[in-house]
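Here are my notes on the model you sent, as numbered points. Please read them with the structure open.

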Amino acid sequence: MSSYWIESTKNIEKEYPKLKNDIETDVCIIGGGLTGISSAYELAKSGVKVVVLEKDQIGKKTTGNTTGKVTSQHGLFYDYLIQSEGEKFAKKYLEANEQAIKNIKSIIDTENIECDFEYQDAYVYTQKQEDIKKIKKEVQVLKELNYDCEFVNKTELPLEILGAIKFKNQAQFNVRKYLFGLANCIEKNGGKIFEDSKVYDLKKDSDKYLTYCDNVCVKSKYVIIASHYPIINSPGFYFLKMYQSMSYAIAIETSQEIFNGMYINSEIPTKSIRNIKDGDKRLLLIAGSDHKTGEKINLLNAYKDLEKVAKSIYPDCRVKYKWHTEDCITLDKIPYIGEFSKFMPNVYVATGYRKWGITTSNIASNIIKDKILNKGNKYEEIFKATRMEPVKNIKEVENMLKETSNSLVINKIKVPKDKISDVNKEDARIIEIDGRKVGVYKDKEGELYAVKPVCSHLGCELSFNNLAKTWDCPCHGSRFDYRGNSIYSPSIKNLENWKIEGE
């Protein structure tokens with residue numbers, strides 16, 4: 001199954017051409033997700049010539065697998081921001097996200113984009129007594145920031161809760177419908193979008209940049225790296241400042257009326273819940289089961305855990321859609337938006353959204369647009385991508401370092417020899433064949449696929465995700481399908497693979 005957003009928009013998908021010739025433009029944007037497309041929209045509308053390069057199809061990766069919440073409620077986050085960055089910083093972060101909600105609604109109205117946008121109240125709730133204090137503290141700090149929120153002990157959510165913080169006038173929508181609306185506007189304003197155009201290199205050429213796809217390139221004065229995770233290691237070294245996290249989602253149907261509101265619990269594991277407008281009926285979306293990408297854990301119950309939540313709310317429910325996604329998380333939990341590196345002038349980056357990419361993508365597109373147009377932006381300093389402040393959030397440092405050092409191949413001990421027959425169907429193992437480590441996957445027909453289980457990014461040993469059937473990197477979150485094809489950055493190269501004949 002794929003995500004509801006992808007399935008529900010197949011009838012309005014448009015195929016964009018592959019880049020086949022060298023071209024020149026003002027701005028080259030690497031990545032056709034919501035950040036890249038939003039940036040292209042803002043720039044094209046301002047009269048700037050833009051080219052978007054997407055390695056697959058626009059809006060099919062992180063954007064196409066989101067929850068579609070348009071909100072400034074990013075969990076219990078504002079007390080953390082005040083404690084780590086100060087009140088002024090927290091207030092600006094809140095204002096930036098609230099402004100993004102208004103910007104998105106304005107774009108939808110101006111461009112007449114049909115995307116099921118609707119206002120909903122948002123809640124962070126708890127079912128644990130020990131978290132009540134955290135929620136009340138969050139309410140207190142938000143009131144100190146002059147934000148209109150409230151503590152409640154009842155919601156429409158048909159679960160027993162002990163308390164929640166309520167944000168009014170947040171929103172939800174169909175993110176792919178919105179993205180396609182923006183894409184149409186880009187073309188109307190002279191911008192160009194290319195799909196199946198995988199970027200593998202970026203080079204300086206006098207006062208311009210050359211962005212390479214296969215045997216052709218885009219020449220531009222400005223470059224925006226909006227590829228989820230920066231595909232360039234140096235300078236910038238973003239792989240030292242972020243890790244990646246995976247999460248899973250289901251959409252269910254029920255004969256009962258589905259409640260209003262958007263909900264996320266304060267406990268771990270996190271569960272995010274909202275309804276989806278699906279024609280003249282509603283579906284229920286539940287997301288969660290988060291874990292660090294590449295973590296060596298059994299994931300076969302990830303969807304089942306979400307289904308248990310759904311069944312506790314609607315016992316008659318039926319799962320219609322299942323999907324998973326991956327998000328970048330910075331060490332200080334604040335996105336990186338702005339100049340990629342002081343050594344690469346006119347190259348910009350937007351990454352590390354910590355699972356809140358809808359509003360953040362709008363913030364990023366406006367900050368970067370203003371930078372290119374040489375305008376000031378009052379929010380650019382708090383998201384500064386080249387910031388060098390000491391990392392105060394030790395927990396996030398531990399998350400990034402977890403399994404990283406002992407995942408480097410040079411530190412691995414010798415793996416005992418296994419037989420191919422020991423590999424179960426629809427599963428994989430790292431075995432040793434002729435003194436060489438090989439990742440072997442066996443499909444349900446018994447056909448074997450062998451890859452070199454070493455990440456093509458920086459050489460960490462991969463682990464197999466037995467739910468998504470992918471080879472995942474525990475160091476920086478690159479992911480590959482069982483054939484070895486690169487599907488998530490920062491890797492851009494496929495894995496070495498071999499043919500194995502039978503057992």
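1. Helix α4 (residues 87-111) packs against helix α8 (residues 357-372) at an angle of about 85°, and their axes lie 8 Å apart. The two helices are therefore roughly perpendicular (65 to 115 degrees). Axes are lines fitted to C-alpha atoms over the stretch in contact, with angles from 0 to 180 degrees between N-to-C directions. Helices are DSSP runs of H or I with at least four residues, and strands are runs of E with at least two.

2. On the α4 side, the contact (heavy atoms within 4.5 Å) is made by Ala96, Asn97, Ala100, Ile101, Asn103, Ile104 and Ile107. From α8 come Ile358, Thr359, Thr360, Asn362, Ile363 and Asn366. By class, seven of these residues are nonpolar, six are polar and none is charged.

3. This is a predicted model, in which local features need pLDDT of at least 70, side-chain atom pairs count only at pLDDT 80 or more, and totals for chains, interfaces and linings use all residues. Residues are numbered from 1 along each chain as its sequence is written, and side-chain values use heavy atoms, without hydrogens and water.

4. An open antiparallel sheet has the strand order β21-β22-β23-β24. Strands β21 (463-465) and β24 (486-488) are at the edges with a single partner each, so one side of each has no neighbour in the sheet. From one strand to the next, the twist averages 35°.

5. Strand β23 (residues 479-481) is joined to β24 by two bridges; pairing requires at least two by DSSP. Phe480 stands opposite Ser486 of β24.

6. Arg479 is also in β23.

Methods: Angles under 35 degrees count as roughly parallel, over 145 as roughly antiparallel, 65 to 115 as roughly perpendicular and the rest as oblique. Ala, Val, Leu, Ile, Met, Phe, Trp, Tyr, Cys and Pro count as nonpolar, Asp, Glu, Lys and Arg as charged, and the others, Gly among them, as polar.
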